[in-house]
Amino acid sequence: MKLTLKAALALGATLVAGTASAECGIEAGSVRILSNDFEALRYINDGAMDCASDSVTVEANATSEHKNIQGPALSIDPAEYTVAVIANNSIVPLLNDGLIRPLDDLIAEYGQQLLPNQVISTGGEAMAIAFMGNGQHLFYRKDILDAAGLEVPTTYEEMLAAAETIRAQGLMETPLAASVKPGWDLAAEFVNLYLGTGDEFFAPGSAELAIDNDNGRLVLDTMRAMTEYMDPDYLTFDANVLNQLWDAGQVALMNQWGSLAGAAIGETADPEIAANTGLAATPSIGGNSIPAAALWWDGFSIASNISDEDAAASFQAMMHGISPEAVAANPTVATWLVDGYAPGDAAVGVIANANAGARAYPMTPYMGLLHTALSTELADFIAGREDADQALADVKAAYDDAATAAGFLQ
Amino acid sequence: MPHRTFTLFILPAVVAMLLFIALPIVSVIVQSLFVEHEQVMTEVENCSPFGCTTELRVDTAATAEIREERPLGRFAGFANYINRNHLAFAQVREIWQTSDSLGEGWARLMNLPFYKALAFTLVYCFVVTPCAMALGFAIALGVNTLPRLARGPAIFVSILPMIITPLIGSLILFWMFNPQGILGASLQVITGDPTLSLRASPLLTWIVLLVYGIWTNGPFSFVVFYAGLQTVPGDTLESAMIDGASRWERVRYVIIPHLAPLATFVALVQLMDNFRVFEPIVGFSAEANATSLSWLVYNDLVGQDSQAFGSAASTSVMTIAGVVVLLVPVLIRTWRDFNRKAV
């Protein structure tokens with residue numbers, strides 16, 4: 001009896017798998033996905049893996065090291081992965097080295113489900129398909145703001161004033177937090193605020209750095225002023241630590257990733273904190289009207305160094321993974337850009353930022369070099385050991401050397 | 001041994017060393033002399049879900065053509081070595097000429113990434129090595145006096161810090177030093193300062209890293225010295241006791257001279273190890289307050305977009321040079337000892 005039951009289950013499973021692969025409409029090919037490792041992407045990878053059948057193999061490698069392995073893995077022929085899941089910044093090195101292929105033909109043939117704004121194009125060629133938006137936005141504690149008699153801050157100046165009020169009333173000694181750990185996080189914080197000033201990072205049409213100006217100093221001064229209201233350990237705070245601090249009820253106002261909002265207000269969070277967590281657009285800076293935060297998209301590209309058959313199979317499998325039905329089944333894990341998606345509670349902040357005109361993280365080829373320079377050279381400044389002028393001069397010097405060695409500057 | 005036998009005997013080792021040590025070093029040295037090709041740029045319109053912008057883009061076809069011709073990149077001589085991110089000759093000259101006081105000059109020098117990393121690397125090397133050796137020696141002496149039955153467990157506990165993967169060990173201590181962790185919270189109570197955080201100031205971060213280094217390096221010295229203690233001649237110790245030597249005098253005049261050659265060996269290995277300190281900096285999230293040469297290489301290779309191979313290679317070459325310089329005194333000493341014995 002037991003055996004028969006097992007056999008029946010196995011048969012059922014095969015049948016389900018059979019119908020799933022038929023849905024994808026792939027005849028044959030190999031699909032190998034490389035992606036970052038967070039909840040939303042794991043759902044998409046699982047969806048793509050439903051397309052596996054006797055003639056189609058689908059594998060997925062979700063790892064936070066994806067950015068470091070994608071270049072070498074896609075350089076070889078045939079490429080180790082057929083699909084690279086990327087974002088605004090990680091698509092750039094692949095574009096620079098020509099490791100991903102134009103998708104126009106594949107979109108025409110298999111991409112009827114896509115909305116026009118899901119297509120990422122450069123120079124008129126479609127190079128990637130976006131499926132979710134992300135970005136850092138304001139998390140606030142309703143109970144603390146109510147107790148202090150404060151409104152939700154809409155500018156950084158108001159945010160600092162609110163922090164002072166909360167401290168003065170004895171509600172919290174260190175009400176602010178930000179991901180300012182030297183490294184990627186610290187640089188991203190600068191990029192967010194600088195985008196909010198409306199200024200450009202580079203002189204038009206060149207790789208010449210242009211952040212040594214009053215807006216650059218305003219951004220740095222604001223970042224330093226914020227640290228006055230943070231836990232003294234702020235130099236070790238990255239995005240994941242922020243969520244832990246938030247859940248422990250130690251922070252009243254912070255800018256945090258939209259993709260982590262679901263965790264902060266979800267079932268695993270402290271119920272009392274979760275109930276009092278509000279999400280809103282990032283405050284603006286310097287009298288500007290736009291939120292001082294970068295907008296990000298996550299999407300996928302198809303490798304150049306693979307056969308056309310594998311490319312078509314990969315595109316179809318990903319179309320299945322990000323289909324409106326798949327997204328409708330997981331509405332809360334991300335801010336989807338897919339047709340028919342109705343935003344959930346966790347998506348409020350990212351959508352508010354996008355509607356208020358926040359700017360996207362630049363796709364400029366040398367932006368990564370600036371990000372690296374910021375990540376190391378702002379450490380002394382944020383630790384309070386040097387002034388803004390020195391910090392900006394250091395960033396420029398480090399960037400100039402790196403950009404010269406990379407061939408972007410003469 | 002006939003020359004032929006000797007040659008055949010060491011041939012596998014020589015081939016392996018050439019392949020896995022000498023060749024990679026040569027390749028790193030060659031790489032350090034090159035920078036990437038000039039990028040051919042074109043202006044394009046980029047469109048994303050959040051709108052379109054006009055940005056520059058690398059002309060892949062044209063750049064690939066240049067790369068095909070000369071795959072190593074542009075020859076840059078020593079440019080990678082002397083630019084600001086490394087030895088920074090121009091900046092050091094300016095600091096030398098324009099600083100009013102030694103303190104100001106030092107502060108400006110420490111603002112340059114390479115010198116900042118070098119300072120911590122050297123301090124780590126020269127504080128951790130002798131302290132860890134002293135600690136290891138003390139533990140070895142202690143364990144050696146234990147009853148035979150207790151020695152096994154004592155040895156196991158003593159070498160635990162060496163068994164734990166450095167990254168894991170530093171992460172464990174990092175969380176213990178957290179203000180909510182057992183060590184961090186205890187320190188706050190003991191000092192009566194609720195804002196005390198060992199991770200906030202450079203000095204305290206350095207102290208924590210040095211203490212961690214001594215903790216994790218001690219066991220290696222312990223193992224070697226403990227083995228050495230088993231070879232101390234019992235006769236000499238006994239006659240010293242008959243002559244009325246105290247325990248301290250026996251250690252000072254019998255045991256230490258006996259273990260001196262071992263100490264040279266331990267110092268050699270530990271100096272090399274400590275010069276490439278890396279894991280505790282990552283484990284303790286100490287990048288803001290302490291960086292090392294190895295960390296600079298790591299930082300170049302996990303850059304946001306692309307790996308800065310030239311820059312990483314030049315830092316590596318200078319790290320190798322640093323290890324050689326550190327080892328020279330020890331090697332000279334070994335050479336002298338060797339000659340003395342030969343005579």
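**Confidence and contacts**

Analyst: Let me begin with confidence, since this is a predicted model: among the elements of chain B, α2(B) has the lowest mean pLDDT, at 83, while α6(B) has the highest, at 94.

User: And what does chain B average in pLDDT?

Analyst: The average pLDDT of chain B is 88, and 98% of the residues score at least 70. For the model, the scores are ipTM 0.77 and pTM 0.83.

User: How many residues of chain B are in contact with chain A?

Analyst: On the chain B side there are 43 residues, and they are in contact with 52 residues of chain A. The elements of chain B that give two or more residues to this side are β2 (41-48), β3 (51-58), α2 (60-69) and α15 (309-342).

User: Which of those gives the largest share?

Analyst: That is β2(B), from which six residues of the side touching chain A come. If you sort the residues of that side of chain B by kind, you find 14 nonpolar, 19 polar and ten charged.

User: In what sense does β2(B) pair with strand β4 of chain A?

Analyst: The pairing between β2(B) and strand β4 of chain A, which covers residues 119-122, is antiparallel and runs over two bridges. As for a particular residue, Thr122(A) has Asn46(B), in β2(B), as its bridge partner.

User: Changing topic, how many residues are in the largest nonpolar core?

Analyst: That core has 191 residues, and those with the most contacts inside it include Val83(A), Leu176(A) and Phe190(A). Its largest share, twelve residues, comes from helix α6 of chain B, residues 113-144, and α6(B) is also the element of chain B with the highest mean pLDDT.

User: What does Phe190(A) touch?

Analyst: Leaving out residues up to four places away in sequence, Phe190(A) touches Val219(A), Met223(A), Leu374(A) and Leu378(A). Of these, Leu378(A) is also listed among the residues with the most contacts inside the core.

User: Okay, now the backbone. Is the peptide bond from Asp77(A) to Pro78(A) cis or trans?

Analyst: The bond from Asp77(A) to Pro78(A) is cis, with omega near 0°. You can find Pro78(A) in the loop of chain A between α3 (66-75) and β3 (83-87).

User: Which phi value does Ala88(B) have?

Analyst: Ala88(B) has phi near 50°, which is a positive value in a residue other than glycine. Ala88(B) sits in the loop between α3 (79-82) and α4 (89-98) of chain B.

User: Is Ala88(B) buried or exposed, and why?

Analyst: Ala88(B) counts as buried because 22 other C-beta atoms lie within 10 Å, and the cut-off for buried is 20 or more.

User: Where is Ser285(B), and what is its phi?

Analyst: Ser285(B) lies in the loop between α13 (279-283) and α14 (293-301) of chain B, and its phi is likewise near 50°, a positive value in a residue other than glycine. Ser285(B) is buried too, because it has 22 C-beta neighbours inside 10 Å.

User: Last one: why does Ser294(B) count as buried?

Analyst: Ser294(B), which is found in helix α14 of chain B, counts as buried because it has 20 C-beta neighbours inside 10 Å, and 20 or more is what the cut-off asks for. Apart from residues up to four places away in sequence, Ser294(B) touches Arg276(B), Val277(B), Phe278(B) and Thr319(B). The C-alpha atoms of Ser294(B) and Leu171(B) are separated by 18 Å, with the two residues 123 residues apart along the chain.

Definitions and conventions
Residues numbered from 1 in each chain as written. Chains lettered and ligands numbered in written order. Predicted model: local features only at pLDDT ≥ 70, side-chain atom pairs only at ≥ 80, totals over all residues. Contact = placed C-beta atoms within 7 Å. Helix = DSSP H or I, 4+ residues; strand = E, 2+ residues; numbered from the N terminus. Nonpolar A, V, L, I, M, F, W, Y, C, P; charged D, E, K, R; others polar. Pairing = 2+ DSSP bridges. Core = buried A, V, L, I, M, F, W, Y, C linked by C-beta atoms within 7 Å. Buried ≥ 20, exposed ≤ 12 C-beta atoms within 10 Å, placed from the backbone. pLDDT = per-residue confidence, 0-100.
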